[in-house]
Amino acid sequence: MSTLTKTEGETAPTGPESFLSVSDLRVRFSTEDGIVKAVDGLSFDVARGRTLGIVGESGSGKSVTNLTVLGLHNPKNTTVEGEIVLDGKELVTATEKEMEKLRGNKVAMIFQDPLTALSPYYTVGRQIAEPFMKHTGASKKEARARAIEMLTKVGIPQPKSRVDDYPHQFSGGMRQRAMIAMALVCDPDLLIADEPTTALDVTVQAQILDLLKDLQQEFGSAIVFITHDLGVISEMADDLLVMYAGRAVERGSTAEVLRRPRHPYTWGLLSSMPRLGGSIDQALTPIPGTPPSLLNPPSGCPFHPRCAFTGEVPGDRCSTERPPLGEGRAAACHLTAEQKQTFFIDKIQPRLR
Amino acid sequence: MTSPIDIEGSGTSAAADDAPDRVKAVETKSHEGRSPGQLMWLRFKRDRTGVVSACVVILYFLVSALAPLIAKLYGKDPYTLYAQEPEYPFLLDDFAMPTGSFGGMSGDFWFGVEPKLGRDVFTMLLYGMRTSLYMAVVVTLLCVVTGVIIGMVSGFFGGRVDYWLGRITDFFLAFPQQLFFIAFMPVVTAMFVSPQDETPTYLRAVAITLVMWFLGWMGLARLVRSSVLTLREREFVEAAKVSGASPWRIVRKEILPNIVTPILVQATYILPSTILSIAFLSYIGVGFVEPTPDWGRMFAIGADVYEQDPMFMFFPGVALVVFVLSFNLLGDSVRDAFDPKTGR
Amino acid sequence: MLQFLVRRLIGAVVIMFLIGAFTFFLFYTIPQDFAELSCGKNCSPENIAVIRENLGLDKPITAQFWEFMTGIVAGRDFAQGHCSAPCLGMSFDSGEFVWDSIMDRFPLTLSLTVGGLVIFLILGLGSGLLAAWKRGTAADKLVSGASIVLSSFQIYFLGPIVLGILVYQSGIMENPSYKPFTENPVTWAIGLLIPWLVMATIFTAQYTRMSRSTMIEQLQEEHVRTARAKGMKQRYVFFRYAWRGSLIPIVTILGMDLSALLSGAVVTEFTFDLAGIGRLAVDSSLTKDLPVTMGVMLFGAFFILLLNILVDLAYAYIDPRVRLS
Amino acid sequence: MKPIRKRTTSTTRAIAVAIMAGTLVLAGCSGDSDGGSKGKSDAKGQKDAAKQQDPVAYGDAAASNGPAEEVPGAKPGGFINVYMQSDLTHMDPGQIYVSDAGQFANLVHRGLTNFQEDEEGNLTVVGDIATDSGQSSDGGKTWTFKLKDGIKDDQGNPITSKDVRHTIERLYSKVIFDGPTFVQSWLSGNDYRKALPDGPYKGKHLPDSVLETPDDKTVVFHFSQPRQDLPQALAMAGYAIVPEKRDTKEKYDDAPAALGPYKIAEYKPGKSMKLVKNDQWDPKTDSVRHQYVDGYNFTSTIDQASQTKRLMADQGEAKNAIQFTDSVDPAQMSAVIGDASAKKRTIQGYQPYVWQLTFNLDRMKDKKIRDAITYAIPNQSMVQADGGRYGGEVAGGLLAPTLPNFDPKYDPFGKLKKPNGDPEMAKKLLKEAGVEEGTKLTYAYSNTPRGQAQMLIIKDALNKIGFDVQAKEIDRASFYEQVGKLKNPYDLYMTGWGQDWPSASTVITPVYDGELVADGGSNYSHIDDPQVNEMIKKALTQQPEEAAKTWEQAHHRIVEEINPAAPVYYSKQIQLYGSNIGGARYSNESSYIDINDLFLKQP
């Protein structure tokens, strides 16, 4: 866990300090049904050694954002606008060759399902060694040694023999460790972890999270951690970004956002999440409705069709005017700061107990 | 929890495609309360190639169904030996080839006349297509029904039943298909035949149907079995079981609706391949015989006289290519509409 | 693995036996005196009786079946001489040993298959990969379009057209014929070039479509994306990761096609007047020549089962999950 | 003689002289033939056929002495490619009856006698391994043959009278069941097998009173009746010599010994065969055969259509190729005739076959109905389905133009005037016979393309006069066996029959002799008319000239008074050969290309 905590209202680190800076990112897919605005005006920054958590429902654009950072979208039907600056280098306009040099080297990614994300046809060792050979020009032998070293580091027992195993011979947790080893093999400065623990059971999940934290300390990398699990986030992330319908709806330090959320969507997320020690009688409250179509997003605030508080906003602003997201600790909602606070305390907090 | 966009939106630049968006489209529409069937239909309607091919295929079926009517309007039939009729004294030359150019095409005989016997090619083709299409529909239906039943039973009951049905399927799969068709057509025909009366066309049709049916259902049975196996473990089936629904009800209400689409897609592949197999049998000389008009037999005749009268083969050939092409395209479109992830 | 192989082999033998029994007894349901097939002109009852005895048709059916099946393993003795194992009996019609007739024709069918196979695999997989690589470009559309049109052609339609153009009209090529590879590989290849090309045209199209679509499917696999996320080159990802995965469906279909082809590229043989296994099958079934039909069926089934096992071995080679489980 | 037992379609042929003269304005492919040229070609055709009507002469020792007269321009060397659509049915001479194997036998086998054919096509029976065509005594009941010197098989074993005896005696054994039975039954009666049940294989022999071999060079046949046709019968391939030492019984059918100019070097059943020179054959002993080419490559997998296509194209190996027993594909007839260069490379003539619509007299008892059907048949269309004008010619009677004393004007049913049938006459007769509309008739046909086409025509014609024709297909392989059964359930079937040698005895006896009605026999109509039977008996003992008259009488009686089979058409022969083939001509004897005179122009 990062020691650097921020006070409320402070802006997220920007400028030279931030390692990855995404500003006003817009990603669109053209389909036969029309244009899908998968990400719409998203901005965030991550500094070295810090962890940014991104939460949101399925289809809120979390993963698309991060794939776009790595340039893994399909250039043919995807338009990317805005800026992605990694360590001072602009990525949106970078060539495929330049991106290849970055991927796996400066930026690495951990995928959600290690079973499908690892190739079944090659040994774990080979898959770990491959990027090392490519990016450092190491020989096969060196790469193999490095793979064993990495496996040791992520806590695989008997790494010398397991290195020649195939992914299907690993258990789920071991696979995820191997995946992490693969991601970290070139000491990346930025690690994007896309729901790295979703497919694992809880005990393994904790081990993996610990592992990630330890490794972050050791390497000092920045981590972007994507999940829909607020519990995991509270443990991992320094800062938090809540996404809805391709946009950021709330931002702030993790503790702050979780303790005093300001956006009705975040409230919804929190109340739909079971808590340890919560009352058994207390029913979970899911967010009504379904996530919106990104083909044809709702006008105004994209959350308004599902929002219980639109009545509190004068006029029909919710459905006509898109609420902006301020700098730093902020939430994109038309409710006044006061309203946000009272509603949370009066209506939401009791349910979280 | 798996969010489709997470998986789909990630294709490599060479590979990624419109798939994620389509999935998104599905989501979109489903919010508006459309059933998967309606969605498929919507997607299908947008696919221009698919719609055109569907029209062509429907046209073929229409023409086949209406063959007698068309023949009546046109004034000929595929059986009369026009060279024998006094109205057409000069249809065939001394070598029994059509007298006119382009295989004897004329206002009277649109697609020309058959060498040797002087039958009308246009109606022969119409009726030939009719024979093939009818047969193919029947065979396809039989194969689908058999395949579905066997696949369902072995998938649903599992265990011993599944094991033995699997072995039986293996057994049938080990038959060399082409050789089997060839070897057993004469045998099966002979089984039905009275030694004296003419073998009626329907008996031959039955024989062909039986032979094709015999080796036609296994692919579908396997497909259905594996679908049922996965479905059986799904929550809604479990739920139905727990709530005490009878197996029959589970099959009918929970499982069947979920495998209809793959069956449909598979059927669009079985049908044209059946037509080709029937044509193949007649081409080889073990399928339909004179005087039944049949597509494959026209190729056999055509191959014989190809050099003298290439036009004879032209119309059946082009008709077959167009038909198979449309059906292939249609199959692809149906599959895409059903399962947008795979494919093109 | 070994245990698996043994199990498969035993299963194959059982299935062959069942197919043999099925064929044999079905043939006996038809009202046909097989002895009549062997007599040419003088079918007097005396001659028929002589033939019936010669062919062993006077014995009970089950005894005949048993003789046939044991003959495969142990060989049999006929008046015409000893028929050594694997003895598939003696043709009622021509009096040849069936095994000899099959072996006689098999080289042609094998040549047709292998030659066509090499051409359509190279062209089909090559163009499929190209189309997948250049997905969405004009080249892709051209290849995909051409392949779907060509795959709708039939050998019995395309064959005569090609013959007409290359042989009868222009005289560039000679009529297809089979000359043993062992005699002269060049004349062998020239003689079979037209059938190869015609077969290849149609099969190529199928393989193009298939390899393209499986490649595209594979390219959407997560592990392929992972490979790219590791910074591997596109080409490397394409050929090492995606291609490996595409091999499984391709091998499956190939195994099916190959066994169908080997057990009789009947239409090709008919269209080009080549005497291979398929021709033998048609002739024997038209004359109801039971031993030949039996022989050809068993031979065909043998190849199907053999190729099934080979395909399984290929899976094991390609996919460690299969190999190591 | 032989029913036509080809696996596939048609046998066709036409008029040699017409083509050789090259003057005729034959229709070509235009089809608008004017009457003039048509008449002319017919006239020529009949003149040609007339040549085939010359009675066969029996040659003396001088004629039987080799070597055979050189073919002008012949060169030695090279291989001839032989196209066939199916394999030879047999190679064991004892089993050889049908003509494809007979053609082959001329290259490999030798018998006691053989036919020699001059440029005009006149036939003489000469001694083959015998010094002459045989000496008869006792009014034709005893025949003596002396063997030539220097006759050896391909391993150099000299041939003696023992081998001749063995050849005849093995025909009595169970090994042989497919060949001709004339000589055996003349020697030992119709149930000849009982005379020597195991043939010569168990050391038993026919008594000297039947077959005598007084010394190594002499063979004497003793018959109970005069057998004037014996030299011709012995010229059949079925009586060619099987050397005793070489006889392997059943296995002989695949690997026979060779006495002729060629021997088998390689044989792949159903596929191919290679013949090479037999160096033990001495041209000085043979007055008929030549050994110009080094050998023959047989391919027995090329169907008629591709044979024609290949020979038309005349490319590469096809230049050295011939059709052996198959004919030009009827479907390509117009192309062949229309292409001057291809037409030059044809041989044309009649085939000995008369196609007839046979009535099963056990079922079709009313002659009026039979006559009605005969009138109704559109003969011309039937010919059209078998290659058109070059495939056949409308038949008036049941004896072929290849037989002596053929009468082209004989036409009791007026077919020459109304080649497409006379349905009015037919309907009239049916009315008289009181046949009801819709009476069922079962027509059996061989399931070949031609069989199917002709079925459609017959069905069409007979349905028009009020029958309900049930067409019943029979596998091509067992067609003759099925219709050869006494109790067959069919009313009508097309059969073809041709002579074994140019004498009506080989047609009328097997097909219309009531005493030969039997299961598996060739009296397909089951006609049993005492008068006809009587005339047959008489003719068989008569000298050829008188016999010819008796045969004609019998023929007229059969056609006009009994009508067991409606004459449909005479088959014609037209075969193609490659441009490098020399010495090609139509052989009156085989009615195929003359296999004895062929050479390569550029070996």
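Q: How do strand E7 and strand E9 of chain D pair?
A: Strand E7 (residues 142–146) and strand E9 (residues 218–222) of chain D pair in the antiparallel sense, over five bridges. Strands here are DSSP runs of E with at least two residues, helices are runs of H or I with at least four, and both are numbered from the N terminus. Two strands pair if DSSP finds at least two bridges between them. This is a predicted model, in which local features need pLDDT of at least 70 and side-chain atom pairs count only at pLDDT 80 or more, while totals for chains, interfaces and linings use all residues. Residues are numbered from 1 along each chain as its sequence is written, and chains are lettered from A and ligands numbered from 1 in the order in which they are written.

Q: Which residue stands opposite D:Thr144?
A: D:Thr144 faces D:Val220 in E9(D).

Q: And what order do the strands of the sheet have?
A: The order is E6-E7-E9-E8 (chain D), an open sheet of four strands with antiparallel pairing. Strand E6 (135–137) and strand E8 (211–212) of chain D are the edge strands, each pairing on one side only.

Q: Which helix packs on the sheet?
A: Helix H5 (residues 161–170) of chain D does, touching E8 and E9 of chain D. The direction of H5 makes about 35° with that of E9(D). Axes are lines fitted to C-alpha atoms, for helices over the stretch in contact, and angles between N-to-C directions run from 0 to 180 degrees. Two residues are in contact if their C-beta atoms, placed from the backbone, lie within 7 Å.

Q: Changing topic: how many residues does the contact of chain B with chain C take?
A: It takes 42 residues from chain B and 52 residues from chain C. On the chain B side, H9(B) gives the most, with ten residues. That side divides into 30 nonpolar, ten polar and two charged residues. Ala, Val, Leu, Ile, Met, Phe, Trp, Tyr, Cys and Pro count as nonpolar, Asp, Glu, Lys and Arg as charged, and the others, Gly among them, as polar.

Q: What about chain C and chain A? How many residues are in contact there?
A: There, 19 residues of chain C are in contact with 25 residues of chain A. H9(C) gives the most to the chain C side, with seven residues. By class, that side has six nonpolar, five polar and eight charged residues.
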